[in-house]
Every structure is written in structure tokens, then in C-alpha cells.
Amino acid sequence: MLSLLKTSRIDIWETLRRSCIRITDTFSEVSAVCNKTLDRRRPCITPTRLFSGKRYNVPPSAEFVARVSGIATMGKLPYQETADGLDAAFVGVPIDTGTSNRPGTRFGPRQIRAESAMLRAYNSGTRAAPYESLMVADIGDVNVNVYDLKDTCRRIREAYRTILATGCIPLTMGGDHTIAYPILQAVAEKHGPVGLIHVDAHADTSDLVLGEKIGHGTPFRRCVEEGLLDCKRVVQIGLRGTGYSPDAYEWSRAQGFRVVQVEECWFKSLAPLMAVVRTQMGTGPVYLSFDIDALDPAFAPGTGTPEIAGLTSIQGLEIIRGCHGLNLVGCDLVEVSPPYDTTGNTALTAANLLFEMMCVLPKTKYYD
């Protein structure tokens with residue numbers, strides 16, 4: 001009796017197994033037929049992309065992975081702790097202890113990363129394909145000291161020495177503009193005095209502010225004093241606003257800087273200007289420093305020291321795209337203050353400008 005029961009159970013399970021196989025096969029046949037029918041009606045969309053034989057970090061496409069999912073990194077790139085093996089790296093420097101007016105830029109890197117979920121893999125305007133030609137990752141933030149600005153500068157300088165030693169090009173998310181000083185200290189140690197494309201509403205060449213030599217209004221004065229800049233290859237674009245003297249940019253001109261006040265930029269394309277700038281920069285190393293307050297507050301209200309009548313976001317793109325072909329050794333985007341960015345548009349603009357910076361780095365692939 002037990003033997004018969006055991007045999008019956010085996011027969012029942014075998015029958016069920018064969019039925020499941022037949023059902024599975026039927027579904028597979030139906031699915032194949034449906035897919036062939038659908039393929040005739042619409043383009044085939046697959047989660048794969050054709051890239052070169054070398055392996056690169058490629059962010060997940062929003063076609064297949066929801067933008068709102070996952071941990072926020074720049075452009076949804078992978079995170080790694082060091083710059084080892086990278087051609088370029090996004091790095092945050094979350095400070096606002098050097099600000100003179102509205103604070104909040106310590107939260108800039110975090111918000112830029114959040115808004116960067118809108119970015120896609122290709123630059124439709126220039127046909128640049130950075131993720132087919134550069135190994136890029138988000139390497140997190142410098143561990144700053146929010147109680148001590150001078151110590152923070154030391155930490156930034158040491159962090160960037162380590163990054164640059166790997167051959168990686170840093171793409172920095174600020175943070176207030178103080179950070180340009182220690183970054184350029186590290187950059188100049190590696191490359192010697194560099195050319196500078198400085199896009200800003202302010203010259204940031206004050207000597208002392210409230211008795212202090214270190215702050216977001218003084219970095220490029222300190223850089224000149226320490227011989228970090230090749231002054232004949234420095235241009236400042238978008239300068240404007242009220243000043244402490246009739247000619248607020250006299251010191252810059254005296255150093256040999258090309259000064260382009262915002263009035264020279266109104267109502268025109270900046271592509272011709274950038275052709276001149278490319279000639280000025282030549283083949284030597286160049287650093288690009290972009291303060292978001294260079295843009296008019298209508299485009300970028302979330303910043304600490306806004307000035308009216310600024311550049312448009314289109315002109316901002318023209319400046320960055322005009323850097324294509326230069327020997328860029330580092331870039332930064334600074335002064336995004338999320339507490340004053342109620343729509344998120346300032347951080348979104350910053351994320352796009354940083355993407356554009358990556359697209360003009362040496363070795364970036366372009367489609368014809």
C-alpha cells in the first residue's frame with residue numbers, strides 16, 4: 001500500500017512538471033511572436049549601448065532606471081573612494097565659511113548631485129561622448145573643517161595633491177570660491193603656473209576683507225602673490241556690480257589679466273570672444289573656474305552674492321564649449337547656495353555646466 005502511494009505521488013509530480021514545461025514553451029513561443037510583431041511597429045529599445053572595447057563607467061539610462069532611485073552621485077556615476085584609474089573625477093568641497101554675504105554653499109555639492117539625475121550620457125549640442133572616451137567617477141567630498149577656514153584650505157590642498165598625482169583631472173563642485181586658492185596651489189605644484197579662465201560677477205582679487213586674507217573675495221590675489229598663475233594667460237569674464245572704487249578691476253589689469261566686463265557681453269554671442277581666449281591660452285595648462293553668480297539671478301538665484309544684469313545660461317554654455325581644444329587640467333563650479341534656490345534651477349544649471357566641462361576635457365570623443 002505504501003509503495004503504491006509513493007508511486008502515485010511520483011507520477012503526479014512528473015505530470016505536473018511536464019505540464020509546466022509545456023506551458024513555459026507555449027509562453028515563449030507567444031512572446032517571440034509578439035516581439036516580432038512589436039518590432040515591426042516601433043524601434044527596438046534595449047538597455048545596451050555600443051561603446052568601444054575599453055571598459056568605461058556609464059551611468060544608467062533613465063530609459064531603464066528611474067531617476068529618483070538610487071543614492072545621489074554626480075550624474076548617477078559610480079562612487080569610488082580615490083581617483084586611482086580615473087581620467088576625470090567629480091569631487092565636492094562643501095564649505096561656506098569663506099562667504100561674505102548669504103551662506104549655504106556648504107550644501108552645494110549635495111544639491112548639484114541631486115539635480116544631476118537629469119543628465120544623460122551624450123551632449124546633443126556638441127555630440128560629445130564623454131563616457132565613450134573617459135573613465136569618470138564621483139569620488140565624494142573633501143573632509144573639510146567647518147570651524148577653521150585655514151585648516152580647510154590645508155585639507156583641500158592635500159586632497160587635490162593626491163587626486164592630481166594619479167593623473168586625474170578634478171571637476172569640482174563648490175562650496176564657496178575660497179576653494180579655488182588651495183586647489184590652484186596643488187594644480188601649480190604639478191603643472192607650474194597655469195592659465196586661468198575665470199567666469200564670475202566679481203574679480204575676487206581683494207587683498208583684505210574684514211582683516212582676513214583668506215575668503216571667497218581674495219583667492220586670485222593670493223594665487224598671483226604665490227606665482228600660481230601665468231598672468232598673461234588669465235581672463236576674467238562677466239565682471240559687474242557696484243564697486244569700492246571707480247575702477248574695481250584696475251589691479252587685475254595691472255597684472256596683465258584680460259578683463260571682460262559684462263557690458264561687453266550684453267546682447268551678443270560669446271563665441272567670438274572665446275576664439276580670442278583660445279589663442280591667448282595657447283597650448284599651456286589651463287584651469288577653468290566658474291562662479292554661478294556670473295549668470296544673471298534670473299537664471300541662477302541660488303547664490304550668496306547675486307548681481308543683476310549678468311550673463312545668460314546660453315552665454316555660460318558658449319564660454320565652456322569655447323574651451324574645447326584647450327589643455328584643461330582642472331575645473332570648478334562654485335557658489336551654489338541651495339537655501340536660496342527654491343526651484344532647484346540653480347543647482348540644475350550647475351550640474352549641466354559641470355557636464356559641459358567634462359565634455360571639453362582633453363581626450364573626449366566627439367561624433368561628426
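Colleague: How are α2 and α9 oriented to each other?

Modeller: This is a predicted model, where local features need pLDDT of at least 70, side-chain atom pairs count only at pLDDT 80 or more, and totals for chains, interfaces and linings use all residues. Residues are numbered from 1 along each chain as its sequence is written, and side-chain values use heavy atoms, with hydrogens and water left out. Helix α2 (residues 108-115) packs on helix α9 (residues 345-359) at about 80 degrees, axes 8 Å apart. The two are therefore roughly perpendicular, a label for angles of 65 to 115 degrees.

Colleague: Which residues meet there?

Modeller: From α2, Gln111, Ile112 and Glu115; from α9, Ala347, Leu348, Ala350, Ala351 and Leu354. Contact means heavy atoms within 4.5 Å. The contact residues divide into six nonpolar, one polar and one charged.

Colleague: Switching to β5, is that strand mostly covered or uncovered?

Modeller: Mostly covered: in β5 (residues 194-199), six of six residues are buried, meaning under 20% relative accessible area with a 1.4 Å probe, protein chains only.

Colleague: Which strands does β5 pair with?

Modeller: β5 pairs in the parallel sense with β6 (residues 229-239) over five bridges. It also pairs in the parallel sense with β8 (residues 285-291), over five bridges. Pairing takes at least two DSSP bridges between the strands.

Colleague: Which residues sit across from Ile197 and His198?

Modeller: Val235 in β6 is the bridge partner of Ile197, and Ser289 in β8 stands opposite His198.

Colleague: And what do β5, α5 and β6 make?

Modeller: With α5 (residues 219-225) they make a right-handed β-α-β unit.

Note on methods. Buried means under 20% relative accessible area, exposed over 50%, partly exposed in between (1.4 Å probe, protein chains only). Helices (H or I, at least four residues) and strands (E, at least two) are DSSP runs, numbered from the N terminus. A crossover is right-handed if, with the strands pointing away from the viewer, the path from the first strand over the helix to the second runs clockwise. Axes are lines fitted to C-alpha atoms, for helices over the stretch in contact, and angles run from 0 to 180 degrees between N-to-C directions. Angles under 35 degrees count as roughly parallel, over 145 as roughly antiparallel, 65 to 115 as roughly perpendicular and the rest as oblique. Ala, Val, Leu, Ile, Met, Phe, Trp, Tyr, Cys and Pro count as nonpolar, Asp, Glu, Lys and Arg as charged, and the others, Gly among them, as polar.
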